[in-house]
Amino acid sequence: MATNGHFCWPSVGTFVAAYGQFFMAANTRDRVSGKSQCLLRREATINDYYTFIGQEKANYPIGWMCQQLKVPRSSYYRWCKPTEPTPTQVRNAQLTKDVCRVFEREKGMAGRDQITTILGHEGIQVAAATVGTIVSKQGLQAVRMRAWKKTTVVDPAARTGHIKNHMLDADGKRDFTATVPGTKLVGDITYLKTGAGWLYLATVIDLATRMVIEQVDGIKHAHRVDH
């Protein structure tokens, strides 16, 4: 404020009155009495501070009001003019899109390290820890596959020299095609986990008809399959 060309500091009492009118209009509680740092009500938010300052900036210097209300003047100016996203925020937003894109493309099979590698091949350099943070925030969880386990072991004492390999052609190469039923048979064994334990299943398939001609379950009961 100026009087005859000289600046006069605003009256704290007048400022307090303006404050009271502002919050009475906003239907808030009674003003907390005391020193200047207690001018605003206890439930007031930082947004309330800045709104009040913006309303009274034509009557009081902004810097002076910020000092009375104990709020940084720079913060008030940032509140008046929100800044654009920082480069870090922009990069994180783009990385989030890239991580989600790769995760969906891989059908949930890629974890943190795999996604990091794939992004690297695409020319997007990012730390595995950053990818892990994004994956965690987005609630993504990769499908974990069990490691392959060898379950069949060749018996070195088994005598197999007399067994002829009927899967070889005239050139000695493996040939799994057949036109005459009963000339080429193949077998396999697998096991299934059931409520009663592991159920083992062995099958014999005719390569000419592609039919299962015999199967044996874990109870050792063998029977032929009639077609």
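Reader: How are helix α2 and helix α4 packed in this model?

Author: The model is predicted. In it, helix α2 (residues 46-56) packs on helix α4 (residues 73-80) at an angle of about 85 degrees. Their axes are 10 Å apart.

Reader: Why is α2 called roughly perpendicular to α4?

Author: The angle is about 85 degrees. Angles of 65 to 115 degrees count as roughly perpendicular. So α2 is roughly perpendicular to α4.

Reader: Which residues make the contact?

Author: From α2 come Asn-47, Tyr-50, Thr-51, Ile-53 and Gly-54. From α4 come Ser-75, Tyr-76 and Trp-79. By class, the contact has 4 nonpolar, 4 polar and no charged residues.

Reader: What makes Ile-53 buried?

Author: Its relative accessibility is 0%. Buried means under 20%, so Ile-53 counts as buried. This residue is found in helix α2.

Reader: Which residues does Ile-53 touch, not counting residues up to four places away in sequence?

Author: Ile-53 touches Ile-62, Met-65, Cys-66, Leu-69, Val-71 and Tyr-76. Take Leu-69: Ile-53 and Leu-69 are 16 residues apart in sequence. In space they are 9.2 Å apart, C-alpha to C-alpha.

Reader: How do you know that Cys-80 is in no disulfide?

Author: A search of the whole structure finds 0 disulfides. For Cys-80, the nearest cysteine sulfur is that of Cys-66, 8.9 Å away. A disulfide needs sulfur atoms within 2.5 Å, so Cys-80 is in no disulfide.

Reader: Are Cys-80 and Cys-100 buried, exposed or partly exposed?

Author: Cys-80 has a relative accessible area of 40%. Cys-100 is at 19% relative accessibility. The cut-off for buried is under 20%, so Cys-100 counts as buried.

Reader: What makes Tyr-60 and Trp-64 an aromatic pair, and why is the pair called stacked?

Author: Their ring centres are 5.9 Å apart. Rings pair if their centres lie within 6.5 Å, so Tyr-60 and Trp-64 form a pair. The planes are 20 degrees apart. Planes under 30 degrees apart count as stacked, so this pair is stacked. The structure holds 7 aromatic pairs.

Reader: Why are Tyr-60 and Trp-64 called buried?

Author: Tyr-60 has a relative accessible area of 5%. For Trp-64 the value is 6%. Buried means under 20%, so both residues are buried.

Reader: Which residues form one aromatic cluster?

Author: Tyr-50, Tyr-76, Tyr-77 and Trp-79 do. Among them, Tyr-50, Tyr-76 and Trp-79 also take part in the contact of α2 with α4.

Key
Residues numbered from 1 in each chain as written. Predicted model: local features only at pLDDT ≥ 70, side-chain atom pairs only at ≥ 80, totals over all residues. Heavy atoms only, no water. Axes fitted to C-alpha atoms, helices over the stretch in contact; angles between N-to-C directions. Helix = DSSP H or I, 4+ residues; strand = E, 2+ residues; numbered from the N terminus. Parallel < 35°, antiparallel > 145°, perpendicular 65-115°, else oblique. Contact = heavy atoms within 4.5 Å. Nonpolar A, V, L, I, M, F, W, Y, C, P; charged D, E, K, R; others polar. Buried < 20%, exposed > 50% of the residue type's maximum accessible area, 1.4 Å probe, protein only. Phe/Tyr/Trp six-rings, centres within 6.5 Å; stacked < 30°, edge-to-face > 60°.
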